[in-house]
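Please read them with the structure open beside the text.

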Amino acid sequence: ELVREVHHATREQSSGAAQILKTASSMQSTMEQLAAAAREQALGTRQILAAVAGMNRMTLQVADATGEQMRGGDQVVKAVDQIAQVAQQYLSATEQLSMATQSLALEADRLKSLSGVFKV
């Protein structure tokens, strides 16, 4: 009876280890895809931020060129500054997401290697 219980427990442990390994592999793949997407998104955000900065510079030049357009130019500058701030915040959040996904990918690797301890 004891041998049968040990045998049953061993099978359950083996099944559990196989599920952990499969889940860790799937999680690693998903985290790698998420990290790649986050890096791509961060690159796009940097490009948007550079474009917004260029727009801000041009808007300042227009505001300096004509006194009559100064009030309208100031409003545009404020709006572009707000866009730049939002883009900067978005970039920061995207970079944090990228770091978090990289951390999760490392954790998935660690779980995968730990699951190797269990023999299937």
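What percentage of the 120 residues of the chain count as buried? The answer is 22%, for the chain as a whole, where buried means under 20% relative accessible area, exposed means over 50%, and partly exposed lies in between (1.4 Å probe, protein chains only).

1. Basis of the note. This is a predicted model, in which local features need pLDDT of at least 70 and side-chain atom pairs count only at pLDDT 80 or more, whereas totals for chains, interfaces and linings use all residues. Residues are numbered from 1 along each chain as its sequence is written, and side-chain values use heavy atoms, with hydrogens and water left out.

2. Overall form. The chain has 2 helices and 0 strands, both kinds of element being DSSP runs numbered from the N terminus (helices H or I, at least four residues; strands E, at least two). The radius of gyration of the chain is 27 Å, well over the 14 Å that the globule rule gives for 120 residues, so the chain is more spread out than a compact globule; the radius is taken over C-alpha atoms, and the rule is 2.2 Å times the number of residues to the power 0.38. Taken along the principal axes, the box filled by the C-alpha atoms is roughly 95 × 20 × 15 Å.

3. Contacts and surface. Among the contacts in the chain with a separation of 6 or more, 85% are accounted for by residues 24 or more positions apart, a contact being heavy atoms within 4.5 Å. The accessible surface of the chain comes to about 8700 Å², and carbon and sulfur atoms hold 60% of that surface; areas come from the Shrake-Rupley method with a 1.4 Å probe, and for residues only the protein chains shown count as cover.

4. T101 has its place in helix α2 (residues 70-115) and is buried, with a relative accessible area of 1%. Leaving aside neighbours within four places in sequence, T101 is in contact with M31, L34 and A35. Q28, which is found in helix α1 (residues 2-65), is also buried, at a relative accessible area of 14%. Not counting residues up to four places away in sequence, Q28 touches A108, D109 and K112, and the side chains of Q28 and D109 make a polar contact at 2.4 Å. A polar contact here is a pair of N or O atoms within 3.5 Å; within protein, one must be able to donate a hydrogen and the other to accept it, and residues adjacent in sequence count only if both atoms are side-chain atoms.

5. Salt bridges. How many salt bridges does a search of the whole structure find? The search finds 3, each being a side-chain nitrogen of Lys or Arg within 4 Å of a carboxyl oxygen of Asp or Glu. R46 pairs with E95, with the closest N and O atoms 2.9 Å apart. R46 lies in helix α1 and E95 in helix α2, so the pair ties together parts that are 49 residues apart in sequence. R46 is partly exposed at 40% relative accessibility, and E95 is partly exposed at 30%. The side chains of R110 and E107 meet in another salt bridge (2.5 Å, N to O); being 3 residues apart in helix α2, R110 and E107 are separated by about one helical turn. R4 forms a salt bridge with E1, the closest N and O atoms being 1.9 Å apart, and both R4 and E1 are exposed.

6. Nonpolar patch. M27, L104, L111 and L114 make a nonpolar surface patch of about 280 Å². Patches are made of residues with over 30% relative accessible area and no salt bridge, like charges being joined within 9 Å and nonpolar side chains (Val, Leu, Ile, Met, Phe, Trp, Tyr) within 5 Å. Helix α2 gives the most to the patch, with 3 residues; L114 has its place in helix α2 and counts as partly exposed, at 41% relative accessibility.

7. A36, found in helix α1, is partly exposed at 36% relative accessibility; A36 and Q102 are 66 residues apart in sequence and 9.4 Å apart in space, C-alpha to C-alpha. S92 lies in helix α2 and is partly exposed at 30% relative accessibility, and the C-alpha atoms of S92 and T45, 47 residues apart along the chain, are separated by 9.5 Å.
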